[in-house]
Amino acid sequence: MQLIGIESVTVHFGSDPVLDGASLTVLPGEKIGLIGANGAGKSTLIGVLTGEIEPDGAKRLARIPSDRIAVVAQHFPKTATGTAVEFLTADAQRQRVELERMEANMAHATGAPLDRLLKRYGDAREAYDRTDGDTAEERARTTLATVDMEGAGETDVRTLSGGERNRLQIAAALMRRPDLLVLDEPGNHLDAWGLSWLEETLANLPSAVLVVSHNRYLLDRVVARIVELRSGTTASWSGNYSAYRAVRLREAVARARDARADEKRLSRLEEMVRKLADLARNRADPAIGQRLRARRTQLERARAEARTRPDLSDERAQVRLAGTAGKANIALDVQGYSRAVKHEDGDRMLLEDAAVLIEAGERVALLGPNGCGKTTLIRDIVGAASWDHAHLRLGPSMRIGYCPQHPELLDGTRSIEENLIPLGAFNREKIFQTLSRYRFAYKDMERPVATLSGGELNRLHLARAELIGANFLVLDEPTNHMDIAGREVVEEALAEFDGTVLMVSHDRYFLDAVATRVVAFEERSLVSYPGTFSDYWFSAGRFWNQTSRTGGERPAQRREDGDGASVEDRLLRAEAEKIAIEKQLATAYERDDLGAAARLSKRLDRVTRIYEDLYERWGR
């Protein structure tokens, strides 16, 4: 039995189609990842699935009732007030008020009106009982504990952090015990530990899950089917995101080979037509004319049937960060650094006598749970670090390019051009030459910064760093609000960047692709771990060896295989190899080296199977 079954759905906003033949089915218990570029129409498709948007047309439109669907939106409701428990029990409270109202009306009704009221009351009572409305408050407190918010029941929701609000929304959805849980970018404000909790929670839910996300690891860990929305239509692939990417690349290689064969066939036919046309001009032979007409017909048919080489590039930004490592060996030397912030209960110490050295050319990930002080440290570095600073010594040849989460470097009331002109001896054309590679149009230079989306703001910050010639990039969640293609572009640019990178990110795939060292906030100190993010995450036992969101703790252990190597080590090697082959395959395809692409595709299939098997064994 299908929970959702929509086919050939169309939705127009004005004269432009947002959905143009989109189709999707959801089965009970199925875990689906919905992907697509920013603006592709994913939120519109969700609205159709939940019944909030009625399509302009559809061949089939079968949906379960909306009260059996729970949606976790990208943003916390701006109008939300009251305590966390009141937020979680809002549905039960509304249902109680409605039941009481109908009970009062039934006391005075007779005949047919009473019969109608009894039917409505029965349906409402059934919906209330299905979610155990009478125990809503008790279940709310229990659910808060499962999302690491035990004791926050009486906290005003307006005082919660972004991560806490994110978890509260997920808790509210779980409270409804839905048949289908829909999540729209659920990990935007969750730290690495919160994301791990989310992955495990979603993977173990008995209900169906449809998750819209640009988080590639979450899509790998949770979903068993990928649905891609592109140009208003949908396509479905079985497996997780890695499987989807491997299959899509393999299919592209096969289609490119077919397209090359068709090109050769067309070239031969065109040559035959040209020769026959020359003969027809020089000889008055009806047979030649007949053959020419037949070949022209054959050529026209072949052109119509010719297969085209698929374009995997999308409309991507062309980030170019041309910084150098600098003349000095030191990029940043933190010594004896202490930092406290104001808190409602008094000053709260974030770091105490902390120290860390970052050498020129390093790529360092700054890691720690939400609220530990990562952004505070970054802002202090950007705002105060210098060669003469007592605690934050900046290398003498370092030029910082700061990419913050918010437009704190920019004047929101002024245009993009007005914000960039003061950076140096730039004219309008020079600025646009740079901005155009970050997917900004010429007219965008007149737009006030305050009108930019989150993804546009990230791209503008990167363009600003390029314009000032930064050789030390300080990045605070640089891929937030970016789609997968945008994240991959930034990863590729940073891989080619010769300068120094200090980054904060909750995107573990991004961290693995870029960082070569982790500096973690631990007990008011900065502790350095060489290697990639996964080296830190797996080998130090941090995936499970943290006080869990449910208050328990799972022991860290390094599982040994028959060859003596730990499962963690083999998993790390397989993951690194998989990512490397994916990049090589994409490069081979772009260079039209289809033979190499075909060989790499087979290797990718093999390594992906090994990786999935190792991950399953490691998680037991």
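Let's start with arginine 63, which is partly exposed, with a relative accessible area of 27%. On this scale, buried means under 20% relative accessible area, exposed means over 50%, and partly exposed is in between (1.4 Å probe, protein chains only). The side chain of arginine 63 meets that of glutamate 54 in a salt bridge, 3.0 Å from N to O. By salt bridge I mean a side-chain nitrogen of Lys or Arg within 4 Å of a carboxyl oxygen of Asp or Glu.

A quick word on the model before we go on. This is a predicted model, where local features need pLDDT of at least 70 and side-chain atom pairs count only at pLDDT 80 or more, while totals for chains, interfaces and linings use all residues. Residues are numbered from 1 along each chain as its sequence is written, and side-chain values use heavy atoms, with hydrogens and water left out.

Back to the salt bridges. How many does a search of the whole structure find? The count is 39. Have a look at arginine 141 and glutamate 154, whose side chains meet at 2.7 Å, N to O. This pair links distant parts of the chain, 13 residues apart: arginine 141 sits in helix α5 (residues 136-146), and glutamate 154 in the loop between α5 and α6 (162-175). Helices here are DSSP runs (H or I, at least four residues), as are strands (E, at least two), and they are numbered from the N terminus. Arginine 141 is partly exposed at 43% relative accessible area, whereas glutamate 154 is exposed at 53%.

Further along, arginine 603 and glutamate 577 form a salt bridge at 3.6 Å, N to O. Arginine 603 belongs to helix α19 (residues 594-619) and glutamate 577 to helix α18 (residues 567-590), so this pair ties together parts that are 26 residues apart in sequence. Both partners are partly exposed: arginine 603 has a relative accessible area of 35%, and glutamate 577 has 30%. There is also a network, in which salt bridges that share partners join Glu271, Arg274, Lys275, Asp278 and Arg281.

Now, on to the aromatic rings. The whole structure holds 9 aromatic pairs. One of them is tyrosine 241 with tyrosine 244, a tilted pair at 5.5 Å centre to centre and 45° between the planes. The rule is that rings of Phe, Tyr and Trp (its six-membered ring) pair if their centres lie within 6.5 Å; planes under 30 degrees apart count as stacked, over 60 as edge-to-face and the rest as tilted. These two tyrosines are 3 residues apart in helix α9, so about one helical turn separates them. Are they buried or exposed? Tyrosine 241 and tyrosine 244 are both buried.

Compare that with phenylalanine 533 and tryptophan 537: their ring centres are 5.3 Å apart and their planes at 25°, so this pair is stacked. The two residues lie 4 apart in helix α17 (residues 533-539), about one turn of the helix, and both are buried. Ring pairs also link Tyr529, Phe533, Tyr536 and Trp537 into a cluster.

Let me finish on the surface. Lys264, Arg265, Arg268 and Arg301 gather there in a patch of positive charge. For patches, we take residues with over 30% relative accessible area and no salt bridge, joining like charges within 9 Å and nonpolar side chains (Val, Leu, Ile, Met, Phe, Trp, Tyr) within 5 Å. Helix α9 (residues 241-282) gives the largest share of the positive patch, 3 residues. Lysine 264 is found in that helix, and its 52% relative accessibility counts as exposed.

Conventions. Accessible areas come from the Shrake-Rupley method with a 1.4 Å probe; for residues, only the protein chains shown count as cover. Lys and Arg count as positive and Asp and Glu as negative; His and the chain ends are not counted. The place of a charge is taken as NZ of Lys, CZ of Arg, CG of Asp or CD of Glu.
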